[in-house]
Amino acid sequence: MPKHIVSGLKYLESVELRKKGLSQKEISSQIGVDRSTISHYLNGRNISMDSIELAKTILELNPKDFILISKVLFDDFDEIRQIIEIFNMNHYEPQIDDGCIGCGLCVDLCVVKSISLDSLKAKINPRYCCGCLMCVEGCPTNSIKILEVKNG
Ligand code: SF4
Ligand code: SF4
């Protein structure tokens, strides 16, 4: 079953990138699916409606559930980053305050690897942050804030 869900997500990614004007070749290269499969997707072939509906449901989940399910579906955090970018889920502004003690827990908790330590302070790259709040929940000093950027 997970394979079918991944196919559904790849289908939705293909359609979204096509709407953004990418060619089949560019879509194939960006999402790592061979060109003939992309062609089938865009012609509505070789994909079941159940897979598409399941994939749509995953994209509509709250950010934490989306991240937890995506982690199970994909071995590779780059795949999850790609979905976040393609579907414009990354409209969050992370902030770290001075209470950070550099313990690194948040680095391990961030599934899309948006957090690093710099001089024993956490630093968050907003590019792939989808607002799952797992870092906020795990921080022992309550030093992280994730603000939603409206109309992002
Ligand atoms: S979990 Fe909190 S205290 Fe630890 S590094 Fe991250 S922001 Fe700093
Ligand atoms: S909210 Fe925190 S854990 Fe979640 S994606 Fe953003 S930086 Fe990573």
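Predicted model: local features only at pLDDT ≥ 70, side-chain atom pairs only at ≥ 80, totals over all residues.

Biologist: What are the box dimensions for the C-alpha atoms?

Modeller: Roughly 55 × 30 × 25 Å, taken along the principal axes.

Biologist: And how many helices and strands?

Modeller: The protein chain has eight helices and four strands. Starting at the N terminus, the order is α-α-α-α-α-α-β-α-β-β-α-β.

Biologist: What share of the contacts between residues at least 6 apart joins residues at least 24 apart in sequence?

Modeller: That comes to 66% in the protein chain.

Biologist: OK, helix packing. At what angle do α1 and α4 pack?

Modeller: About 75°, and their axes are 8 Å apart. α1 covers residues 2-19 and α4 covers residues 49-59. Angles of 65 to 115 degrees count as roughly perpendicular, so that is the label for α1 and α4.

Biologist: Which residues meet there?

Modeller: From α1, His4, Ile5, Ser7, Gly8, Leu9, Tyr11 and Leu12; from α4, Ser51, Ile52, Leu54, Ala55, Lys56, Ile58 and Leu59. By class, the contact of α1 with α4 has nine nonpolar residues, four polar and one charged.

Biologist: Switching to the ligand. Which residues come nearest to ligand 1?

Modeller: Cys100, Cys103, Cys106, Ala122 and Cys139, out of 14 residues around ligand 1.

Biologist: How does that shell split by class?

Modeller: Ten residues around ligand 1 are nonpolar and four are polar, with no charged ones.

Technical notes. Residues numbered from 1 in each chain as written. Chains lettered and ligands numbered in written order. Near = placed C-beta within 6 Å. Nonpolar A, V, L, I, M, F, W, Y, C, P; charged D, E, K, R; others polar. Axes fitted to C-alpha atoms, helices over the stretch in contact; angles between N-to-C directions. Helix = DSSP H or I, 4+ residues; strand = E, 2+ residues; numbered from the N terminus. Parallel < 35°, antiparallel > 145°, perpendicular 65-115°, else oblique. Contact = placed C-beta atoms within 7 Å.
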